[in-house]
Amino acid sequence: QVQLVESGGGLVQAGGSLRLSCAASGTIFSVNVMGWYRQAPGKQRELVATITSGGSTNYADSVKGRFTISRDNAKNTVYLQMNSLKPEDTAVYYCNEHVKLGPFGREYDFWGQGTQVTVSS
């Protein structure tokens, strides 16, 4: 099967930066959309950013201009560079990848285990 392993979360002061990584391993033919989502305590999971296999990106309004999503297709890895962090960015961050396991058939949705990002004021 496929596993997504995240790294890079932690505690940072407001205005600081963190870089999250998410590497996929297993039986992977190709990965289409990769993305990052987050869930703060008492809130629903929300989209942070996505990137297609062609490099097109989409961001939540709340992170535009501060966060940058990128990917390394050879490594099936997606990154999230987070700058100018704010206390309201505090959440568990989850990566998501749409994976094809073979040349035919549909894509499957896989999620990372989540990594905590805490921004202190």
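Buried means under 20% relative accessible area, exposed means over 50%, and partly exposed lies in between, with a 1.4 Å probe and protein chains only. Keep those cut-offs at hand for the tour.

This is a predicted model, in which local features need pLDDT of at least 70 and side-chain atom pairs count only at pLDDT 80 or more, while totals for chains, interfaces and linings use all residues. Residues are numbered from 1 along each chain as its sequence is written, and side-chain values use heavy atoms, with hydrogens and water left out.

**Stop 1: the disulfide**

Select Cys-22 and Cys-95. Their sulfur atoms sit 2.0 Å apart and form a disulfide (a pair of cysteine sulfur atoms within 2.5 Å). The structure holds 1 disulfide. Such a link is a covalent bond between the sulfur atoms of two cysteines. Look along the S-S bond: the angle is 50° and the link of Cys-22 and Cys-95 is right-handed. Cys-22 belongs to strand β3 (residues 18-26) and Cys-95 to strand β9, 73 residues apart, so the pair links distant parts of the chain. Strands here are DSSP runs (E, at least two residues), as helices are (H or I, at least four), numbered from the N terminus. Cys-22 has a relative accessible area of 0% and is buried. Cys-95 is buried as well, also at 0%.

**Stop 2: Asp-89 and its arginines**

Next, select Asp-89. It is in the loop between β8 (77-82) and β9 (91-100). At 1% relative accessibility, Asp-89 counts as buried. A salt bridge is a side-chain nitrogen of Lys or Arg within 4 Å of a carboxyl oxygen of Asp or Glu.

- Arg-38 to Asp-89: the N to O distance is 3.0 Å. Arg-38 lies in strand β4 (residues 30-39), 51 residues from Asp-89. Both Arg-38 and Asp-89 are buried.
- Arg-66 to Asp-89: the closest N and O atoms are 2.7 Å apart. Arg-66 is in the loop between β6 (57-59) and β7 (67-72), 23 residues from Asp-89. With a relative accessible area of 11%, Arg-66 is buried.

**Stop 3: another salt bridge**

Move to Lys-64 and Asp-61. Their side chains meet in a salt bridge at 3.1 Å, N to O. Are these two residues buried or exposed? Lys-64 counts as partly exposed at 49% relative accessibility, and Asp-61 counts as exposed at 65%. The count for the model comes to 4 salt bridges.

**Stop 4: the open sheet**

Colour β1, β3, β8 and β7. They make an open sheet of 4 strands in the order β1-β3-β8-β7, with antiparallel pairing. Two strands pair if DSSP finds at least two bridges between them. β1 (2-7) and β7 stand at the edges with a single partner strand each, so one side of each has no neighbour in the sheet. Follow β7 against β8: they pair in the antiparallel sense over 6 bridges. Zoom in on Phe-67, whose bridge partner in β8 is Met-82.

**Stop 5: Thr-115**

Finish at Thr-115 in strand β11 (residues 115-120). Thr-115 is buried, with a relative accessible area of 13%. Show its contacts (heavy atoms within 4.5 Å). Not counting residues up to four places away in sequence, Thr-115 touches Glu-6, Gly-9, Leu-20, Ala-91, Val-92 and Tyr-93. Which backbone atom lies 3.4 Å from a polar atom of the Thr-115 side chain? The backbone nitrogen of Gly-9 does.

Notes:
Polar contact = N/O pair within 3.5 Å; in protein donor to acceptor, adjacent residues only side chain to side chain.
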